[in-house]
Amino acid sequence: MIRAHFGLDQNPFSHERLSLLRQQQEIFDTLRVHCQQGGLCLIVGEPGTGKSIIKHVLREHDPKRMLTPVVNRTLHTYHSILRILCEAFQIDTDGVNFRCERRLIEEAQRLNHLGKMLVPIVDDAHLLDVDSLRRLRLLFEDFPKNHNLVLIAQPGLLTKLALTVNEDIKSRVTYSAVVPKLTAEDMNTFILAELDRVALAHRTFTVEALDLIVRSSEGILRRARNLCLSTLLEAVRDRTKIVDLKQVNRVLLQPHWRQEQDLS
């Protein structure tokens, strides 16, 4: 609908086409080094700050040399997570845990002999049971030593690892980074860059509308993206090609954008 109304060839603010911002690029560059040397990396940040963008770019970076199996369903038991890993490595999932672990280790050794780097990624690792995380860590101990395990999580994972009982995991962390919220300047740059990417004029958002979007997003990348898309849809409804305060305020009146005190 947005593409047809504005005459675009591709969707604006697409999840698949977002590029790394400055602070995300720094984290990604460090991760690439650890992918060559091996280690255990933690990438933490509040929801919507851009952790998934780093994961996506890492997966797409060098698929011929770098294998990045991803575990997204972290609420599963260790038994199920093993089978998710087996599916990611495209090996047989049948049998008890021990057999799955053995096949994973053998496949990892085979891929290492072919000169490939292994970068297993566990997304939403803060939801993973600590016992399952410990068993995964022990499994990866038998992987080739140059593999790099990446845990992507919310800050709650750091609180878990700070406990003395989890020192065995924390002591093996070789790199950690917090994905920060965006400054108003960076958020403004992000929105304008997305408009440039799809060949949409900057004047599509008035200065006042853009300022309100930046303030309302509060440094959260996902909020800014959703707010921009919602206001563009409102512009389609109003049959206009300019997003003004009228469209932005109409979106911000929706309950999920309002504070509890406003709702009461």
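This is a predicted model: local features need pLDDT of at least 70, side-chain atom pairs count only at pLDDT 80 or more; totals for chains, interfaces and linings use all residues.

Reader: How do β1 and β7 pair, and over how many bridges?

Author: β1 and β7 run in the parallel sense and share 4 bridges. Two strands pair here if DSSP finds at least two bridges between them. Residues are numbered from 1 along each chain as its sequence is written, and side-chain values use heavy atoms, with hydrogens and water left out.

Reader: Fine. Which residues of β7 stand opposite Ile43 and Val44?

Author: Ile43 is across from Ala177, and Val44 has Val178 as its bridge partner.

Reader: And what's the strand order in the open sheet?

Author: It goes β3-β5-β6-β1-β7, 5 strands with parallel pairing. The edges are β3 (70-71) and β7 (175-178), each pairing on one side only. Strands are DSSP runs of E with at least two residues, helices are runs of H or I with at least four, and both are numbered from the N terminus.

Reader: How many bridges link β1 and β6?

Author: There are 6, again in the parallel sense, between β1 (residues 39-44) and β6 (residues 148-153). Leu40 is partnered with Leu149, Cys41 with Val150, and Ile43 faces Ile152.

Reader: What about β5 and β6, how many bridges there?

Author: That parallel pair has 2 bridges, and Val122 has Leu151 as its partner in β6.

Reader: Is β6 mostly covered or uncovered?

Author: Mostly covered, with 6 of its 6 residues buried. Buried means under 20% relative accessible area, exposed means over 50%, and partly exposed is in between (1.4 Å probe, protein chains only). Asn148, Val150 and Ile152 point one way and Leu149, Leu151 and Ala153 the other, all of them buried.

Reader: Why is β1 largely enclosed?

Author: Because 5 of the 6 residues of β1 are buried, the rest of the structure largely encloses that strand.

Reader: Back to β7, which residues are on its covered face and which on the uncovered one?

Author: Tyr175 and Ala177 make up the covered face of β7, while Ser176 and Val178 are on the uncovered face.

Reader: Switching topic: how much of the protein is buried overall?

Author: Of its 264 residues, 47% count as buried. The protein has 13 helices and 7 strands, and its C-alpha trace spans about 60 × 40 × 35 Å along the principal axes.

Reader: What share of the contacts is between residues 24 or more positions apart?

Author: Those pairs account for 72% of the contacts with a separation of 6 or more, where contact means heavy atoms within 4.5 Å.

Reader: Last one: how far apart are the mean positions of the positive and negative charges?

Author: They are 3 Å apart, for 36 positive and 33 negative charges. Lys and Arg count as positive and Asp and Glu as negative, leaving out His and the chain ends. Each charge is placed at NZ of Lys, CZ of Arg, CG of Asp or CD of Glu.
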